[in-house]
Amino acid sequence: MGSAGLARLQGLFAVYKPPGLKWKHLRDTVELQLLKVRGLAFTSLKVGVGHRLDSQASGVLVLGVGHGRRLLTDMYNAHLTKDYTVRGVLGKATDDFCEDGRLVEKTTYDHVTREKLDRILAVIQGSHQKALVTYSNLDLQTQEAYEMAVSGVIRPMNKSPMLITGIRCLQFAPPEFLLEVQCMHETQKQLRRLVHEIGLELKSTAVCTQVRRTRDGFFTLDDALLRTQWDLPSIQDAIQAAAPRVVAELEKSLRPWLGTQEPPGADQPWDSERPRSALGPESHVGH
Amino acid sequence: MALSAPQISRWLNSSKLSSFMTALQLRKHFQRPGTTLSCGIFAQPHVSSEGCFLQWGFRTYRTSSLWNSSQSADSSRQEINCAQSTLLPSVNEPSQRTPKIPGLDSEMSLEGLDDVPPLSPLQPISDEEAVQIIAGPPLPPSSVTLRDYVDHSETLRKLVLLGVDLSKIEKHPDAANLLLRLDFERDIKQMLLFLKDLGIEDTQLGPFLTKNYAFFSEDLENLKTRVAYLQSKNFSKADIAQMVRNAPFLLSFSVERLDNRLGFFQKELELSVKKTRDLVIRLPRLLTGSLEPVKENMKVFRLELGFQQNEIQHMITKIPKMLTANKRKLTEIFDYVHNVMCVPHHIIVRFPQVFNTRLFKVKERHLFLAYLGRAQYDPTKPNYISLDKLVSVPDGIFCEGMAKASVRDFEKFLKTL
């Protein structure tokens, strides 16, 4: 195996981080698993982490090994969006917006209906749409920029606060509700705060019970390796499977697309009418 | 080390004669495998085939004179970090590459040693001889690794052949110094034979000595007393061998300490003598480890988790590891099993294996069963899932047998958590 195996162990792959596990421990566990087999072949093996997930969140976590760590920076600079499913529970508010935090307030929620929730989500999406255009520093006077802004594929390519490119409610069974959020430059804490604020907007209160990332850039749930698959052969296969997509997508994202015929990867902005299952894998790569 | 005046004058006299000593002569002097010098090297029986080697001046003369005078180890050279004059290495270098000294008869007799003064470093030699001198690097007087001395010490070599991992031992400088000082034939062999008598196999000697690096500092008589004590407590020979294998430091404990420990476990757990014996045989590190975690865990079981004494006894006899397990881990698992899975105390007592598993495993499997509506842990009701099978079986059997689903479904479910 030797150097051939070593050559195959360079690149990006995704794991499914379970809730309750710190991302550092996950990274160390993966490193250990890889070193166990290879042992003497590697003196040291470094695994890098892409967009982090905090301890209570779960979902797709992109890792880079060997030369793939360089690609992690490229992925960061591509400023791709991420998909989350966020569960909330109406009726109480806590200090850290989680279910097990210190209770701050309890309210009723009988007055909350699906329509009210949808309305509020639409307002949120609209306000973030404006912010998207502002932070992308585009000159809206040009025709192409205007068209792109209309079709909704603009996104900022530099630092910005959390921006939500899409948000909708998948299930509503009071007191529980399930949201799907498409965002960028986020932290999971901000997503929990979002649930809290939605609760306030609904004239009730809400806490967040689950934050789960279903897509990070072009890595989806299907690509994510479970704990039982954190071993050398599975990781090698995952890297190989992801490699062509990584190259293609990074090229596309980093190529300047102002002035080209069509914005790359233009797809229709999804709206709440389009049915999509929360548990199933994402079948398309959104930007 | 400073030389004494008579030695210096003797050297000065001998250098005027300007003759050499042969390797064979020196080899004969250095061949005693016994006491080592401060850095513990001796000529190996197989010196390099170049034949002669030269031991410059001082050193050779001094050692040879000492040997002639006394055959015992020179205690003045017993430290590994000896201060020394800059002229000489503080150790002999018998296995150095030797300069070829043409025409010398390597059969010079031993008696001629006193009459033939050694070559001094200040003596002029011809250019051909100078070119042929190959001087290897001198042995360091002090070093952080045993690697420098392995080639020169028979003791270290034999230990490596046994399977001892010297890289671990060199981290403990006292033990490493001791090893360099000891003689394999005299001291170490006896202790190894003692271990073999006990029942430890040859292949296990290496790992044992790696773990218990200070074993050779023990007195053989003490070791025998301790084994006799254990035998008097009705531990069989095989039991003792097993205990020593699993807890290498066991025999380094004095009889009083062992007695105290055994007494503690008998009193604390209120077990019978036989049960205590079985417990200690299964987990001998109870005797060698600290007692504080055990006391803590006993309090946790009694006060925090609310188990009765007989329940604790039952669980400990089944899974002795619980006594030394992490307190936080125990409480987390109990909290989940008792409060979330709603399993009452008396059923947990029957299956203490749950305390030995990782929390995430219990959580994932329980949530999957709950999702399928099969989370039923009450033996009186139908479709009962036993706790020990829940945590111990591999994924495939769990999915087929207990969840009645495929592994792929389980994986899909895990990705929704």
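A polar contact is a pair of N or O atoms within 3.5 Å; within protein, one of the two must be able to donate a hydrogen and the other to accept it. Keep in mind that this is a predicted model. By that rule, eight residue pairs, both members at pLDDT 80 or more, are in polar contact across the interface of chain A and chain B. On the side of chain A that touches chain B, the residues divide into six nonpolar, four polar and three charged.

The interface also holds one salt bridge. Its partners are Arg227(A) and Glu364(B), whose side chains come to 3.4 Å, N to O.

Here is the interface in brief:

| Interface of chain A and chain B | Value |
|---|---|
| Residues from chain A in contact | 13 residues |
| Residues from chain B in contact | eight residues |
| Area buried | about 910 Å² |
| Share of that area from carbon and sulfur atoms | 55% |

Now to a helix of chain B. How far does H9(B) reach from its first C-alpha to its last? With 15 residues (184–198), helix H9 of chain B reaches 20 Å, close to the 21 Å expected at 1.5 Å a residue.

Several residues of H9(B) are buried, among them Phe184(B), Ile188(B), Met191(B) and Phe194(B). Leucines are on the buried list too, including Leu192(B), Leu195(B) and Leu198(B). The cover over these buried residues includes helices H6 (154–162), H8 (173–181), H10 (202–211), H11 (220–232) and H12 (237–246) of chain B. Just after H9(B) comes Gly199(B), with a positive phi of about 120°.

Conventions
Residues are numbered from 1 along each chain as its sequence is written. Chains are lettered from A and ligands numbered from 1 in the order in which they are written. This is a predicted model: local features need pLDDT of at least 70, side-chain atom pairs count only at pLDDT 80 or more; totals for chains, interfaces and linings use all residues. Side-chain values use heavy atoms; hydrogens and water are left out. Contact means heavy atoms within 4.5 Å. Buried area is the accessible area (1.4 Å probe) that two parts lose on being put together, summed over both. A salt bridge is a side-chain nitrogen of Lys or Arg within 4 Å of a carboxyl oxygen of Asp or Glu. A polar contact is a pair of N or O atoms within 3.5 Å; within protein, one must be able to donate a hydrogen and the other to accept it, and residues adjacent in sequence count only if both atoms are side-chain atoms. Ala, Val, Leu, Ile, Met, Phe, Trp, Tyr, Cys and Pro count as nonpolar, Asp, Glu, Lys and Arg as charged, and the others, Gly among them, as polar. Helices (H or I, at least four residues) and strands (E, at least two) are DSSP runs, numbered from the N terminus. The expected span of a helix is 1.5 Å times one less than its number of residues. Buried means under 20% relative accessible area, exposed over 50%, partly exposed in between (1.4 Å probe, protein chains only).
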